[in-house]
Structures are given as structure tokens and as C-alpha cells.
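Hello,

Here is the structure I said I would pass on. My notes on what was found in it follow below.

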Amino acid sequence: MKVLLFGATGFTGKAVLPELLAKNHKVTALVRSKERVLIKHPNLQIIEGDVLDDVQIHQAMEGQEAVINCMGKNKGSANNLISGLTKKIISAMEEEQVKRLIALSNVGAGDSYETQPFVFRVILLPTILRWLKLLIEDKNIMEPLIKKSNLNWTVLRFPKISEKPSQKRILISQDGKGLSFSISLKDCAEFIVSQLTDKSLWYKTPSISN
Ligand SMILES: NC(=O)c1ccc[n+]([C@@H]2O[C@H](COP(=O)([O-])OP(=O)(O)OC[C@H]3O[C@@H](n4cnc5c(N)ncnc54)[C@H](OP(=O)(O)O)[C@@H]3O)[C@@H](O)[C@H]2O)c1
């Protein structure tokens, strides 16, 4: 499948990229710094530019079959970075008739908030996890934008993505209950890529952990 990947130079995107290539997908990565992509592969096209520019997003979107958004907020990025980019991605996808969108969100976003432990919601999020609260607030803007689009979308809500080895056990929870606190980067990347060829989570916002 022809896949446009956002965030290929980030923590998750760097792991998703080799998984995509290993599964023989043809990948276009739109990045702001080409040197940060360390992989060279005949099925990888790297476009360097302003990732947030509508024209460049449209150009990169031409001829694609799916989009995976692994963009994350760096220090200094706007609080609405992901929802703002998502709006641009949806508009470009709808115009270029690219139907499949896989977007990353966080456990605690949308209806998964209520099912999280009291300590997490009431004590940790407003204090030491305030940075996460800001990310979740942006995802709470992003998710409804995706839901009301005409795309074949899946929003994957992850807990902490860790560098622990693959656990080979994936929990999928539709309401955010019964999860563990993390998922290994390898399992997370494999799961994201598996969604390109799996329709079972279309139009859903599952939370995924080990
Ligand atoms: N990491 C986790 O534990 C975790 C857990 C749950 C959910 N998530 C979600 O998964 C997604 C990816 O997270 P991540 O931790 O992999 O992200 P990350 O490492 O912070 O990824 C940052 C990516 O976004 C790009 N980026 C950041 N700010 C930018 C800007 N202003 N303009 C252009 N590009 C910009 C970076 O490009 P440069 O390389 O050029 O800076 C990089 O490719 C996010 O939505 C995050 O909330 C992550």
C-alpha cells in the first residue's frame, strides 16, 4: 500500500517506518529535516519541507492510499499542533480521495477518560502529568475532527510507549478499561502497521496496551 507517514523522525514514527518497509509498503515520509531519517530503502521517498504547510501536505498526499500520523509535540510546539495538523491532513485526504487514516491518541482522551483510575484523573493529570493533560486536550480536539470526516479512520489510544522488549501480548479495549500502563515500542509499531490491512477497528477509538 502507498502510505504517507507523518512524524517519521519521532520516537514512534522511527519504529513505524521500518515496520512499514518490512511489510512491503511504499512509504512517503514528510519531514522537516531529511538528515534525521536514517533509513535508506528503495520503497522510501523522503520529502523535506514544512510539515504544516497545506500545499506541501497536498503534494505529498497525491497518489497515496493511506496516512499514518505519528507526529508528536516537541518542546516549544504549539499546544494544538496535532489537532491543527490533523485538520490539514483530513482536508488534503478528502480532496485527494485518500481514504484510510490511522491516527495516534492517548489513553485518557475522549470516552476513555472516565474509565481511568481516580488517582490518574484527579491527582496525577492536573499535577505531575500536566504535560500529558495538555496532550490529551489536543487529542480531544483531534478525535472529533476525525470522527466527523468521510474517511475510513482508526484512532489508536496508547498508554506510555516504552522501549521494553516486545511482549507479544496485546490488549485491545474499546472503553479504556482493563489496560496495562504501557506498550512496547515494537508492539506498538507492529500494531499500527497491521491496521493498514485490518478493517476490524475502522471507525473506532480503541485503547491498546501490552
Ligand atoms: N511516546 C509515548 O509514550 C506516547 C504515548 C501515547 C501516545 N503517544 C502519541 O503518539 C504520537 C507520537 O508520539 P511520539 O512520542 O512518538 O512523538 P515525538 O517523538 O515527540 O515525535 C515528534 C515528531 O513530530 C515532529 N514535530 C514535532 N513538532 C513539530 C513541529 N512544530 N513541526 C513539524 N514537525 C514537528 C518531529 O519532527 P522533528 O524530528 O523534526 O523534531 C517528530 O517527527 C503523539 O500523538 C503522542 O501523543 C505517544
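**Notes on the structure**

Leaving aside neighbours within four places in sequence, L5 is in contact with G13, V16, L17, L20, V27, T28, A29, I68 and C70. Please keep in mind that this is a predicted model.

L5 also belongs to the largest nonpolar core, which has 49 residues. Within that core, the residues that touch the most other members are L5, V16, I68, M93 and I192. Two of these, V16 and I68, are also on the contact list of L5 given above.

**The chain as a whole**

The chain has six helices and ten strands. Its C-alpha trace spans about 45 × 35 × 30 Å along the principal axes. A compact globule of 210 residues would have a radius of gyration near 17 Å, and the 16 Å of the chain agrees with that. Of the 210 residues, 38% are buried. If we take the contacts between residues at least 6 apart in sequence, 69% of them join residues at least 24 apart.

**Helix α1 and the ligand**

Helix α1 covers residues 11-22. Its buried residues are T12, G13, A15, V16, L17 and L20. What do they pack against? The partners are the strands β1 (2-6), β2 (26-31), β4 (66-69), β5 and β7, together with the helix α6 (185-194).

In total, 24 residues surround the ligand, and the closest are T9, G10, F11, T12 and G72. At least two shell residues each come from α1, α3 (81-96), β5 (100-106) and β7 (160-162). By type, the shell divides into eleven nonpolar, ten polar and three charged residues.

**Strands β5 and β6**

Strand β5, which supplies part of the ligand shell, runs parallel to β6 and is joined to it by seven bridges. In this pairing L101 stands opposite W153 of β6. Strand β6 covers residues 152-158, and six of its seven residues are buried, so it is largely enclosed by the rest of the structure.

**Residues in loops**

Most residues other than glycine have a negative phi. N24 is not a glycine, yet its phi is positive, about 65°. N24 follows α1 and lies in the loop between α1 and β2. N24 counts as exposed because it has 8 C-beta neighbours inside 10 Å, and the cut-off for exposed is 12 or fewer. Y203, also a residue other than glycine, has a positive phi near 60°. Y203 is placed in the loop between α6 and β10 (207-209), and it is exposed, with 12 other C-beta atoms within 10 Å.

K177 lies in the loop between β8 (171-173) and β9 (182-184) and is exposed, with 12 other C-beta atoms within 10 Å. K177 and T115 are 62 residues apart in sequence, and their C-alpha atoms are 5.7 Å apart in space. E62, in the loop between α2 (54-61) and β4, is partly exposed, with 13 other C-beta atoms within 10 Å. E62 and S209 are 147 residues apart in sequence and 33 Å apart in space, C-alpha to C-alpha.

Regards

How values were computed
Residues are numbered from 1 along each chain as its sequence is written. This is a predicted model: local features need pLDDT of at least 70, side-chain atom pairs count only at pLDDT 80 or more; totals for chains, interfaces and linings use all residues. A nonpolar core is a set of buried Ala, Val, Leu, Ile, Met, Phe, Trp, Tyr and Cys residues joined through C-beta atoms within 7 Å. A residue is buried if 20 or more other C-beta atoms lie within 10 Å of its own, exposed if 12 or fewer, and partly exposed in between; C-beta atoms are placed from the backbone. Two residues are in contact if their C-beta atoms, placed from the backbone, lie within 7 Å. A residue is near a molecule or strand if its C-beta atom, placed from the backbone, lies within 6 Å of it. Helices (H or I, at least four residues) and strands (E, at least two) are DSSP runs, numbered from the N terminus. Ala, Val, Leu, Ile, Met, Phe, Trp, Tyr, Cys and Pro count as nonpolar, Asp, Glu, Lys and Arg as charged, and the others, Gly among them, as polar. The radius of gyration is taken over C-alpha atoms; the globule rule is 2.2 Å times the number of residues to the power 0.38. Two strands pair if DSSP finds at least two bridges between them.
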